[in-house]
Amino acid sequence: MAYFLQFLVNGIIAGSVLTLNSLGFSLIYAVCGHFHIAQAGVFAISAYTVYTCIAYFQLPLILSILVAAIAAGILGLLINKIVYEPMTKLGAGHLVIFISSLGTLTIIENALHIGFGSDPLFIDVGGLKASMNFWGVIVNGMQIGVVCVAVLCWLGLHLFLYKTPRGREMIATANNPELAEVVGINVLRVYGITYIVASLVIVPAAAYHALDFGAVPHGGILIFLLSAVAVFMGGVGSLTGTVVVAYALAIVQNLTIWKLPSEWENGIIFFLFLILIILRPTGLLGRKENLQKD
Amino acid sequence: MEYLLSFAVLAGIYSILALSLNILVGEIGIISVAQGAIFGIGAYTSALLVLHLHLPFLLALAAGIVVTGLFSAVVAIPSLRVKGDYFIVAAFGVQFVIHDIFLNLVDVTRGAGGIRHIPRASVFGLKFDSNFSYLCLTLFFVLLVISVYWRIKVTPVGRLLRAIRSDEVAVQALGKNVYKSKVMTTVASGSLAAIAGSLYAHYLTYIDPSVFTIHDSIFILAMIIVGGMGSITGSIMGAVILLGLPEILRFLAIPDAIAGPGRQIVYGILLILFMRFRTKGLFGKSF
């Protein structure tokens, strides 16, 4: 039983990291329609920024995460501005955006590889990693932190989307970009804001990942894909669906490690993905019209 | 001379891969980032069958084609029911899971150490030992794959595929079965990649998981983007150019630690530049 609880808690922690990533992916995918795989590169850059700030400049953790957030926001905005926007203006299709995004990711990952090497770089944060024992379940301060941040980000994003004018513009653009343009919304600017917000959301996840597993150049891609799985399984355009599935996937993944060799954890997730899209192509909480938009 | 011959053999093998991926991306417009893994399934299937069951090369190659074809069908049937992005995710999943299997199913694949001492290909007692004879064998299969591609391209099937690429809904409205065409094309693409896998395994006589990673899949994708989507000449030229590029860079005396990732950066830049300024690639028609 204690084992079960431990794996459940590990699942919730991993689910928080996945949730933050999924919110970022979901936002860009729903609003801009871009399969922004370079997000995995933004994730990696954030992780290395946190590492550099702590290891070279001895900044406190919170400040390092803030610096990483600024770097991520700027990078997200730049990728959209330099790479996607000229193509969007030319009316580029899905394929074109995806392939250039893949190119961007390849450049970022390998630049980091040249700059920092491919071995994981660990960060010393002292007391935060000290483990605490709650009725046999072991957690550390960092893990409690990431769970809280994930919940806060989810609520914050929800408020931002439904209660602020900028957020409503994003929803309008997601639902119908042509109509949004007609009623005077600057769609390209909305895309820009979306990229900034989506890049900020993933920073805490990247920081946690770097603290726990070390920063690696190719570290973002697998989490990114799992978050794409969470978004598609949860239903595109449904934040709640995305969050529920992200936690469910991470918990399933951790419970599998309990019973099966850990090599197969990702295989099981992708297998579930294939099964679910046979049973329910719109995702758990998705609506049908989201599928027709291509 | 031997250096040139072995380069030509590899260029032939990668041309087959590029052609196989181009049927999918260039003709019907489905993006796959799993071609490296599919290539690997063909290579492992063929190598293991020859080593353990002592099957003749051609039979092992045929088995490789069947296995990858079936495997492609298993992935394509669920993921192609919904829109293209689901297939992208499924393909990434395939790429990672298959690589995990090559690496971790040690009893069968021998893990990171790879499979050694794979016999060179031989057909009806004729052994392809020298580079030159292997080049002839490879060229035979390149021509075979080109003729299959050509067949698909010029027949009504090809017109249907290209129509699906430009407007899926319109094709569906005409009463054509879009879903079935997509699944069939994916299976065909996977089967052709298996030929490359088998040729590769029986040429180098050694395979390990490091050749079938996501980076190799992106490398193959870059070949057809540079060469030209939907173009036979483009697929072959793309393979030759991208394989030749590192050979040229080798003369620039760049340290090894930088050369590998540096090459990847060049591929990344090429992907973006071609998408921005010349989507049809060097030899493709308008895309």
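**Reading helix contacts and burial**

Mentor: In α1(B), the residues B:Glu2, B:Leu5, B:Ser6, B:Ala8, B:Val9, B:Gly12, B:Ile13, B:Ile16, B:Leu19, B:Asn22, B:Ile23 and B:Glu27 meet B:Asn131, B:Phe132, B:Tyr134, B:Leu135, B:Thr138, B:Phe141, B:Val142, B:Val145, B:Ile146, B:Tyr149, B:Ile152 and B:Lys153 of α6(B). By class, the residues of this contact of α1(B) with α6(B) divide into 16 nonpolar, 5 polar and 3 charged. Nonpolar covers Ala, Val, Leu, Ile, Met, Phe, Trp, Tyr, Cys and Pro; charged covers Asp, Glu, Lys and Arg; the others, Gly among them, are polar. Contact means heavy atoms within 4.5 Å.

Mentor: Some ground rules come next. This is a predicted model, in which local features need pLDDT of at least 70 and side-chain atom pairs count only at pLDDT 80 or more, while totals for chains, interfaces and linings use all residues. Residues are numbered from 1 along each chain as its sequence is written, chains are lettered from A and ligands numbered from 1 in the order in which they are written, and side-chain values use heavy atoms, with hydrogens and water left out.

Trainee: What counts as a helix, and at what angle do α1(B) and α6(B) cross?

Mentor: Helices (H or I, at least four residues) and strands (E, at least two) are DSSP runs, numbered from the N terminus. Axes are lines fitted to C-alpha atoms, for helices over the stretch in contact, and angles run from 0 to 180 degrees between N-to-C directions. Here α1 (residues 2-28) of chain B and α6(B) cross at roughly 15°, and their axes come within 9 Å. Angles under 35 degrees count as roughly parallel, over 145 as roughly antiparallel, 65 to 115 as roughly perpendicular and the rest as oblique. The pair α1(B) and α6(B) is therefore roughly parallel.

Trainee: Is the crossing of α1(B) and α6(B) left-handed or right-handed?

Mentor: A crossing is left-handed if the near helix is turned anticlockwise from the far one by less than a right angle, and right-handed if clockwise. α1(B) passes α6(B) in a left-handed crossing.

Trainee: Which helix of chain B packs with α10(B), and at what angle?

Mentor: α10 (residues 214-227) of chain B packs with α11 (residues 232-250) of chain B at about 120°, with the axes 7 Å apart. α10(B) and α11(B) are therefore oblique to each other, and their crossing is right-handed. The α10(B) side of the contact consists of B:Phe219, B:Ala222, B:Met223 and B:Gly227, which meet B:Gly234, B:Gly238, B:Ala239, B:Leu242 and B:Leu243 of α11(B). By class, the contact of α10(B) with α11(B) has 6 nonpolar, 3 polar and no charged residues.

Trainee: How do α5(A) and α6(A) lie relative to each other?

Mentor: The axes of α5 (residues 141-163) and α6 (residues 165-175) of chain A come within 5 Å and cross at roughly 80°. α5(A) and α6(A) are therefore roughly perpendicular. In this contact, 6 residues are nonpolar, 1 is polar and 3 are charged.

Trainee: Now burial. Is B:Thr138 buried or exposed?

Mentor: Buried means under 20% relative accessible area, exposed over 50%, partly exposed in between (1.4 Å probe, protein chains only). B:Thr138, found in α6 (residues 131-154) of chain B, is buried at 0%. Leaving out residues up to four places away in sequence, B:Thr138 touches B:Val9, B:Gly12, B:Ile13 and B:Leu199.

Trainee: Which residues does A:Ser26 touch?

Mentor: A:Ser26 is in α1 (residues 2-31) of chain A and is buried, with a relative accessible area of 4%. Not counting residues up to four places away in sequence, A:Ser26 touches A:Val231, A:Leu239 and A:Thr242. In α9(A), 14 of 15 residues are buried.

Trainee: Where does A:Gln58 lie, and what is its phi?

Mentor: A:Gln58 lies in the loop between α2 (39-57) and α3 (61-89) of chain A. Its phi is near 50°, a positive value in a residue other than glycine. A:Gln58 is exposed, with a relative accessible area of 62%.

Trainee: What is the phi of B:Thr205?

Mentor: Phi of B:Thr205 is near 60°, also positive in a residue other than glycine. B:Thr205 sits in the loop between α9 (178-204) and α10 of chain B and is partly exposed, at 25% relative accessible area.
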